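Please keep the sequence and the model in view while reading.

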Amino acid sequence: MKRILNILLVVILLIQYPNYIFAFGVPKEIKNNDSVAPFLTEDVNRIYIVNMLSGYTTKEIKDHYGMNLPWQLEDGKIIDAKMIYGQEGLIFIFKLQVQPFVGAHNPIGTDNFTFKVLNNKIILEKYEHVESFPIPPYLKQYYKNLKQNY
């Protein structure tokens with residue numbers, strides 16, 4: 001009797017939740033190492049550069065806002081990029097724009113970072129706070145360490 005109930009339960013679950021069928025086999029796209037949702041090459045390049053520079057934004061964000069705040073990698077923008085042939089080798093200049101947020105992605109500012117990449121060394125050349133947004137009132141109790149202007 002238990003066996004029949006177990007089989008019946010499995011059949012009902014399979015009928016109600018057809019997406020769980022992946023548990024019984026690997027989708028063809030994954031077997032072939034193809035991305036299920038492919039990105040454009042430009043997006044991959046942008047996200048790679050933003051990811052490479054992201055670790056160098058933490059100190060400036062903490063100094064300006066008074067605490068560490070996250071920002072979404074996918075939303076980081078490269079607003080300027082230059083390649084210069086210098087005596088030391090190739091010099092890359094990237095201007096990155098991010099929006100640190102609180103709560104469920106409520107931006108509280110816009111910040112620009114200018115980076116110089118020379119001989120695989122990343123140097124923060126300039127930090128600029130561009131714009132501030134008020135913190136939503138219902139979140140203020142959770143972000144008491146933010147500086148007073150938020």
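**Contacts and aromatic pairs**

Apart from its neighbours within four places in sequence, Met83 contacts Leu90, Ile91 and Phe92, contact meaning heavy atoms within 4.5 Å. The model is predicted, so local features need pLDDT of at least 70 and side-chain atom pairs count only at pLDDT 80 or more, while totals for chains, interfaces and linings use all residues. Residues are numbered from 1 along each chain as its sequence is written, and side-chain values use heavy atoms, with hydrogens and water left out.

Met83 belongs to strand S1 (residues 77-86); strands (E, at least two residues) and helices (H or I, at least four) are DSSP runs numbered from the N terminus. With a relative accessible area of 45%, Met83 is partly exposed, a class between buried (under 20%) and exposed (over 50%), computed with a 1.4 Å probe on protein chains only. The C-alpha atoms of Met83 and Phe94 are 8.9 Å apart, and the two residues are 11 apart in sequence.

The whole structure holds 4 aromatic pairs. Rings of Phe, Tyr and Trp (its six-membered ring) pair if their centres lie within 6.5 Å; planes under 30 degrees apart are stacked, over 60 edge-to-face, and the rest tilted. Tyr56 and Phe115 pair edge-to-face, at 6.4 Å centre to centre and 70° between the planes. Because Tyr56 lies in the loop between helix H3 (41-54) and helix H4 (58-65) and Phe115 in strand S5 (residues 109-118), this pair ties together parts 59 residues apart in sequence. Tyr56 is partly exposed at 40%, whereas Phe115 is buried at 0%. Phe115 also forms a stacked pair with Phe113, at 6.1 Å and 15°. Tyr56, Phe113, Phe115 and Tyr127 make up one aromatic cluster.
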